[in-house]
Amino acid sequence: MILRRAVQALGADYSQWRVLTGVMLKCDLRSSNVLQMGSPQKKGGVKLPWATLVMYAFFGIMIALTVAAVIEAMGNGSPSLPSVPAVHFSGSVALFLISALVGMIILVDFNSVVVSPDDYQVLAHQPVSSRTYFLVKVTNVLLYTGLMGALMGAPAAILFLFWAGPLLTAAWVLAVAGAVVWTSLTMVCVYAVLVHLIRPQRLRRVLSYVQLLMSFAVFGPMLLMQTSDWMPSVETGPPAALMFLPPTWFASLLPLAAGEGSVTTVLAVVAAFGTIGVLVRYAGGRLSLSYAERLGAIASASETRRLPGRAGGVPMRWLSAEQRVIATLVRGQFRHDMNFRMAVLSLLPITVIYVLMGMGDGGLGDPFVELGFAADGLRLIHFAVLGMPLVLMENLFRSESFRASWIFFASPVDRAKLIGSTGTCVTILFLVPYLSAVAGMFVWSFGNLWHGVGHALVLGLLAHLIVQLRLLVTPRLPFSQRLRKGSRVGSMMGLMLLAMLAIGLLPLLLWVAYARTELTIATIVLLAGAGALMPRLVTLRIRPRVERHEFSG
Amino acid sequence: MEKVQGSDRDEGARPGLRRQGRGAGSRPRGRTEILGFLGPNGAGKSTTVKILTCMIRPSRGSARVAGYDVEQDPMEVKKRLGYVPEAGALYEALTAREYLTMVANLRGIEGKYAHRKVTELLDLFGMLDALDQLLSEHSKGMKQKVLISAALMGNPEVLFLDEPLNGIDANAALVVKELLRELAAKGRTILFCSHILEVVERICTRIVIIDQGRKVAEGTAAQIAAETGAATLEQAFARLTGVRDTAEVTRGMLSALDAPERGAADGPR
């Protein structure tokens with residue numbers, strides 16, 4: 001009854017809102033297994049993405065540990081009774097991390113919730129008002145981000161409950177909810193403004209670049225968190241500069257709940273909830289079915305710019321027929337599939353930030369000089385370079401145009417060879433240019449051409465092996481799987497954790513390989529040989545499976 | 001029951017409906033019929049239908065459907081129309097029952113009435129067995145039947161059908177054609193877009209042909225054929241829309257098929 005009145009007060013049709021919200025949620029939860037033959041969802045029903053939920057709960061534990069670490073580091077000495085400034089600052093840090101992750105979730109996984117041309121095709125001719133549509137979309141986004149926010153904020157809430165009492169915990173819950181809503185609405189508004197301002201013909205391309213900039217905005221401030229200069233003393237709350245960040249505004253609820261509010265904290269809380277009001281008002285005016293109409297136009301509009309008749313850059317004549325097929329497909333998808341393009345481009349800010357963090361963390365030591373674990377500044381760059389293939393492969397399998405993969409099943413083509421060629425194409429099209437840039441940075445940083453190029457080469461060969469191993473474990477045709485909402489950040493982070501474990505062992509390899517020149521050459525030859533053999537091994541392993549499925553799909 | 005006056009949609013270089021006095025579909029209110037809407041690819045048929053179904057705004061001119069202006073009263077128009085889109089977009093993660101119930105609910109039909117209506121409509125197409133099957137599992141024809149059922153859900157005054165017989169089997173096509181005749185007889189107005197001229201000729205009481213956004217012919221199939229000096233509607237359509245000599249085009253295609261397959265040897269095996 002209250003909900004009905006609230007929805008009606010916002011100018012929406014309650015029945016339509018209820019129906020559409022249920023439908024959107026059902027579609028999202030089912031989309032992961034929609035096309036699996038004989039799946040239990042064939043007759044309806046939904047399945048929660050448990051792995052993703054566990055992953056966000058894990059992030060929540062990490063955030064709670066960060067809160068504990070910040071309180072500890074602020075010199076209170078007695079975690080059983082943290083000071084209010086320590087709670088305020090740690091809360092700000094935790095809310096910042098939650099907001100950044102929520103932003104990233106929308107950016108990577110849920111941009112289709114905001115940017116969905118399908119709604120236009122299905123709903124534009126139905127008697128659904130723009131207000132109702134707006135409320136459905138916002139409810140849809142908030143359901144996901146709220147769930148993720150709850151999972152990420154709950155462990156810290158338990159921590160606050162034991163340390164600081166129920167009132168402060170309640171304030172924390174409100175602060176998390178506010179920060180999640182603020183971030184979600186801000187992202188919605190950014191998309192809405194772009195869709196409103198830019199011509200449909202250019203929108204697809206512009207959106208991908210703006211998403212790239214937004215990922216800098218999401219990851220960038222994390223860099224600031226690395227420096228200990230930000231750590232305030234126990235007497236003060238967050239530094240003045242941090243008071244300009246919205247997560248700190250919401251964290252200002254904590255000192256207020258503890259009865260130690262100041263004019264600044266009151267103003268911050270007013271700013272926090274005031275801006276939510278402004279965002280709701282603004283987004284309400286923008287996110288309508290006419291907004292969906294513009295999105296529909298993106299789907300039908302094509303850029304008039306001339307594309308090269310043949311692929312430039314990579315000399316295609318050096319590639320086998322299967323490699324040429326995959327290379328053409330991958331390049332085409334990179335040009336036109338916004339999700340894939342975004343997934344690839346988002347690796348750049350991560351690398352830049354890791355390089356900057358590595359430089360700030362004692363500089364990039366030459367691994368040929370500082371053998372083994374001594375070259376600590378390189379750890380994050382190794383993480384980016386060796387994690388990149390995993391992220392790339394994860395995104396290479398999934399696409400909105402997955403249905404087009406029928407062509408591989410209806411053509412006289414060796415699918416095992418096609419799958420085997422995928423890894424080689426990823427290496428040629430993405431790893432080589434990416435590692436060339438990394439090599440340049442190494443040369444500049446180490447001050448030694450051979451060391452820089454040699455280290456980049458070893459990393460590149462390792463990355464190529466990772467690509468092949470990924471194919472060996474899960475052989476799939478490129479762009480042949482449906483995109484799964486809500487799973488990409490989770491699976492990406494899971495893969496990254498695996499990569500972190502592997503990267504922990506990398507200094508041991510480097511310690512042996514870089515000890516003597518002969519050993520370095522032997523390592524490169526060994527890795528290159530393994531890299532050359534792997535595509536054949538992948539093809540051999542998957543051929544029986546492909547043949548078995550010749551007539552069953 | 002629908003009326004378009006000089007309606008236009010600017011889409012860059014894409015030809016839309018050009019400004020015209022009383023254009024395609026312009027007619028006095030009150031008469032009901034099945035209007036065949038023909039034109040070659042890119043002529044502006046779908047754009048016109050999208051304007052009339054309030055999916056896109058006309059950049060010039062005006063249009064009225066069921067007595068309501070599409071720009072001034074889009075909600076009133078939408079309440080009175082049923083639409084089968086050419087693209088056939090559906091929420092494929094829903095079952096047929098769920099999708100149709102959603103459409104029923106959006107049109108204010110709830111509870112057991114919605115359930116009864118959904119069952120009746122799908123029964124019409126012999127699809128009761130597939131009621132609880134995900135739409136992603138449906139064949140193209142089955143999806144089309146669901147779309148037609150959805151268009152009929154609100155008992156609409158005006159029906160816009162863009163290639164409605166796409167992919168559906170001959171028996172179901174017969175049902176649809178008969179249904180359209182009956183609906184027209186009961187006072188519904190139907191705009192029928194199709195490339196299958198035989199079907200249009202057989203079921204439409206009046207035909208409008210457009211080319212490059214302009215109406216180039218209007219009348220019954222016999223009138224249009226007579227006016228263009230052609231023996232059939234198919235020939236009249238070809239003349240009006242400037243198709244090249246079909247024999248010449250066919251010869252060109254056969255010649256391309258017989259050309260030596262350069263590079264076939266190093267193609268994927």
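## A first look at chains A and B

The buried residues of helix H5(B) are covered by parts of chain B that include strand S5 (81-84), helix H3 (96-106), helix H4 (111-124), strand S6 (158-162) and helix H6 (170-185). Helices (H or I, at least four residues) and strands (E, at least two) are DSSP runs, numbered from the N terminus. This is a predicted model, in which local features need pLDDT of at least 70 and side-chain atom pairs count only at pLDDT 80 or more, while totals for chains, interfaces and linings use all residues. Residues are numbered from 1 along each chain as its sequence is written, and chains are lettered from A and ligands numbered from 1 in the order in which they are written.

**Helix H5 of chain B**

- Of the 13 residues of H5(B), 11 are buried, so this helix is largely enclosed by the rest of the structure; a residue is buried if 20 or more other C-beta atoms, placed from the backbone, lie within 10 Å of its own.
- Among the buried residues are Met142(B), Lys143(B), Val146(B) and Leu152(B).
- H5(B) covers residues 140-152 and should span 18 Å at 1.5 Å a residue; its end C-alpha atoms are 19 Å apart, which agrees. The expected span is 1.5 Å times one less than the number of residues.

**Helices H8 and H9 of chain B**

- H8(B) (residues 221-228) and H9(B) (residues 233-240) pack at an angle of about 55 degrees, with axes 9 Å apart. Axes are lines fitted to C-alpha atoms, for helices over the stretch in contact, and angles run from 0 to 180 degrees between N-to-C directions.
- Ala221(B), Ile224(B), Ala225(B) and Thr228(B) of H8(B) meet Leu233(B), Ala236(B), Arg239(B) and Leu240(B) of H9(B).

**Where the chains meet**

- In all, 33 residues of chain B are in contact with 29 residues of chain A, where contact requires C-beta atoms, placed from the backbone, within 7 Å.
- On the side of chain B that touches chain A, helix H2 (74-80), S5 and H3 of chain B each supply at least two residues.
- The largest share of that side, five residues, comes from H3(B).

**Chain A**

- Chain A has 22 helices and zero strands.
- Buried residues make up 46% of its 553 residues.
- Helix H3(A) (residues 50-73) has 24 residues that should span 34 Å at 1.5 Å a residue, and its end C-alpha atoms are 34 Å apart, which agrees.
- The buried residues of H3(A) include Thr52(A), Met55(A), Tyr56(A) and Gly60(A).

Definitions and conventions:
Two residues are in contact if their C-beta atoms, placed from the backbone, lie within 7 Å. A residue is buried if 20 or more other C-beta atoms lie within 10 Å of its own, exposed if 12 or fewer, and partly exposed in between; C-beta atoms are placed from the backbone.
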